[in-house]
Amino acid sequence: MKVLKFGGTSIENGDRIRNVLNIIRETTRETSVVVVVSAIRKVTDLLLEAALMACRGDSGYRSILSEIEQLHRDLVAELLDAAGEVEAGRYLHSELAELGDVLHGVCLLRELSEKSSALVMSFGERFSAFIISSFLRQEGIDAFYADARTMIVTDSAHCDARVDMKASAKLILERAGRATGVPVITGYIGAAPDGTVTTLGRGGSDYTATIVGSVLGAEEIQVWTDVDGFYSADPKRVKDARVLPYISYEEAMELSHSGARILHPYAVHPAMKAGIPVIIRNSFDTSAPGTRIAGQQALRDDARHPVTGLSSINSVVLLNLSGSGMVGVPGIASRLFSCLAQNMINIIFISQASSEQSISLVVNRSQAGRARKILEEEFAVEIAARQIEAVTVRQHIAIIAVVGNDMSGHPGVSAHLFETLGKNGVNVIAVAQGSNEMNISFVVDSRDEDKALNCVHESFFLSRGRVHVFIAGTGTIAKSLLGQIRDHSRTLREESDLDVVVCGLANTGKMALDDEGIDLREWEKRLEPRKDGKAIGDYVAEIRRRNLHNTIFVDCTASAEVAKAYPDLLASNISVATANKLGMAGSQELYETIRKAERSSNARFLYETNVGAGLPIINTLNDLRSSGDRILKIEGVLSGTLSYIFNELRKGGRFSDIVRKARAAGYTEPDPREDLSGADFARKVLILGRELGCRLGYEDVECESLVPDGLGGEMEVELFLERLATVDADYEMLMKDAASRDMTIAYTGEISEGRARIGVKTVPLSSPVAGLNGTENMVVFTTDRYRDTPLVVKGPGAGGEVTAGGVFADILRIASYLV
């Protein structure tokens, strides 16, 4: 025998009830069936609304009552033949008259007792069970209406009753066990010993099904709903949540008690006690296998993952009782829990410090005010004597539960959990874990609920890792970067199980934002005029407001204003990857502020491309220092433009012609004086000097400008290029003089003994610098370990694609840290 329970969405209209008929008919071919039904979708909410309106004296409850009547009469007319419609009509008329009388009484008295509330709420299941049983009989199934008030015996807590299993078992066997045909039982409701109606709490039809199934010894209890089964997290909050094919009874109970709404929290226990599997199925997709809830199996598909799933509750409030007068005093906890229990306050979460100085507990928001008053009355003497502080209340919180049988005895789960939360800047307010190690629950600010769920879900391999990228700038580097992310995204998903999702793009005039990711094939079409102003602060504020997990800010601008935003980003635990030198080569104050923010944050700050575009110069330098090597000198060529000019000079060209050629090839800025001034080269050297620990400002770098005297200022570019020929002879003479000594000239930089300088320098033909080609860059590290044969890093040092590749590499380094 199987018990089939159908939820409100599964019986919402005629088509869905016909689908239920097919499921029942198919099952009856295999075995006998017991059916349990909920109220039709929305009816329970409508009944509650009508009751509350009546309690306020609002006659509008009659309109809701008419809506409930019409909904059920329409269903009867659609499903039943003439004779069935007459019979069902009489039943509805009688029941609705009773419901109307109850609501009228509530309205007159302006009082809604729990007893009256339970009675009102019971009508939804009574209506649906009668209609469905009538329809099943009409379609040839020997079904009968079974009122759970004659089977489920409870205590007198009318709106959240506890079941008397022994008394209920006797009645269930009498009413359903020995009957022939298919009983269609009203879920959710029962009766107190005095015969008054009680309810089992919202979603209590699941509980009804497992109670009946356990008493009747069912081979299986099927809960038919509108989803494919238990998910690893709420799919409305975690996009990549997946259906769990199997979970244990214990895991199902923990997840249900912690906020998963697939199953009533109490529903698992009767089935577990009887050893009956519970199957969660989707009535809209009967081909989906669903989730099987049963005892532990020897082999599980997800056994390699210690965490099975996550759930959360957010309509809750944290109460905290603390004070030195609690330390070492027996009975404090007992008094606290007893006084709340006596007043029917349900405690959802408890956390106590080992010092015994504080106890934190979480209750439903609706009970928070009463709970606080009860505690303050219980501990009034201690509060007056200042042995205990006044009870504090913290609202806008959420509890997240991390659940899994395999967490027990699995070292590092807690460490990994809290490390993941820390990296994403999620502050944990309180923690609780049972000795069975199957559930770690923690409290966070409700604004961080989605972020915490998503980053924890990813970190325990329940879904693919994802980073959310927000890019500032849409110029050459940004365009190349977007193309590289687009072209490489499939490889990253398949080989690294990583999604790099670009969620934001902004320049001074336009912006595009999409939490699910911007289509990189047409990102330019997505840009829209900015309404928030052109300031970087507005863009950063928008990124913060979205509060996505694993967020990376990417700076592809050359803006000093954007660079000033780095400390605020890092303080918000947003990692930064930047190609913009104006942060690390900005003022000493800004540099130190960025460094301080980085140290204080769990976010990463990477800027490899600031010095060598795609060359690993910063990483190499940091690796040398971290491993204990002492840097004696750094020298080299750190300008692709100047490298090209001097490489061409060695081939015999004229200086002014080479500069024109470089400009035509796009190697220089539109005004070549920006490159010839050495300013960009000086910033790179300044960054390296600061990496070595030298306290340097830009003005401390000795910089030789190649812009001749009198050719700077506001002079037009073309006129400048014409007059640049006046120095051709000087460079020709320098080259000849150097060649006579088996040497050549190069524009190089050097950092040693705390000094930084760049300029034209004569170098031996055997020098690595003399062997450069095109726009190649080179950095030579002379250290204690690399004294005789210095360490050389050489390669392309300019170009949008190369720089974008370096930024992309920084993004992936941050991703590997976050995910």
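I looked up the largest nonpolar core first: it has 97 residues, of which Phe6, Ile24, Leu103, Phe230 and Ile293 touch the most other members. I take a nonpolar core as a set of buried Ala, Val, Leu, Ile, Met, Phe, Trp, Tyr and Cys residues joined through side-chain atoms within 4.5 Å. Buried means under 20% relative accessible area, exposed over 50%, and partly exposed in between (1.4 Å probe, protein chains only). Helix H5 (residues 114-138) gives the most to this core, with 10 residues.

The model is predicted: local features need pLDDT of at least 70 and side-chain atom pairs count only at pLDDT 80 or more, while totals for chains, interfaces and linings use all residues. Residues are numbered from 1 along each chain as its sequence is written, and side-chain values use heavy atoms, with hydrogens and water left out.

I then listed the contacts (heavy atoms within 4.5 Å) of Ile24. Leaving aside neighbours within four places in sequence, Ile24 touches Leu4, Phe6, Val33, Val35, Leu136 and Ile141. I also noted a second, separate core of 78 residues, which includes Leu548, Tyr591, Leu638 and Ile751.

Helices (H or I, at least four residues) and strands (E, at least two) are DSSP runs, numbered from the N terminus. In H24 (residues 655-664), I found Phe655, Ser656, Ile658, Val659 and Ala662 buried. They lie on the same side of H24, because they cover an arc of only 160° around the axis; the arc is that of the directions from the helix axis to the C-beta atoms. These buried residues pack against helices H23 (640-649), H25 (673-676), H27 (717-723) and H28 (728-739). Just after H24, Gly666 takes a positive phi of about 85°.

Arg673 lies in H25 and counts as buried, at 8% relative accessibility. Beyond neighbours within four places in sequence, the contacts of Arg673 include Val707, Leu711, Glu716 and Phe720.

**Strand S26**

I checked S26 (residues 743-752) next: 10 of the 10 residues are buried, so the strand is largely enclosed by the rest of the structure. Both faces are covered, with Met743, Ile745, Tyr747, Gly749 and Ile751 on one side and Thr744, Ala746, Thr748, Glu750 and Ser752 on the other.

Two strands pair if DSSP finds at least two bridges between them. S24 (residues 631-637) pairs with S26 in the antiparallel sense over 4 bridges, and Ile634 stands opposite Ile751. S27 (residues 755-764) is also antiparallel to S26, over 10 bridges; there Arg755 is the bridge partner of Ser752. The S26 and S27 hairpin has 2 residues between the strands, and Glu753 takes a positive phi near 50°.
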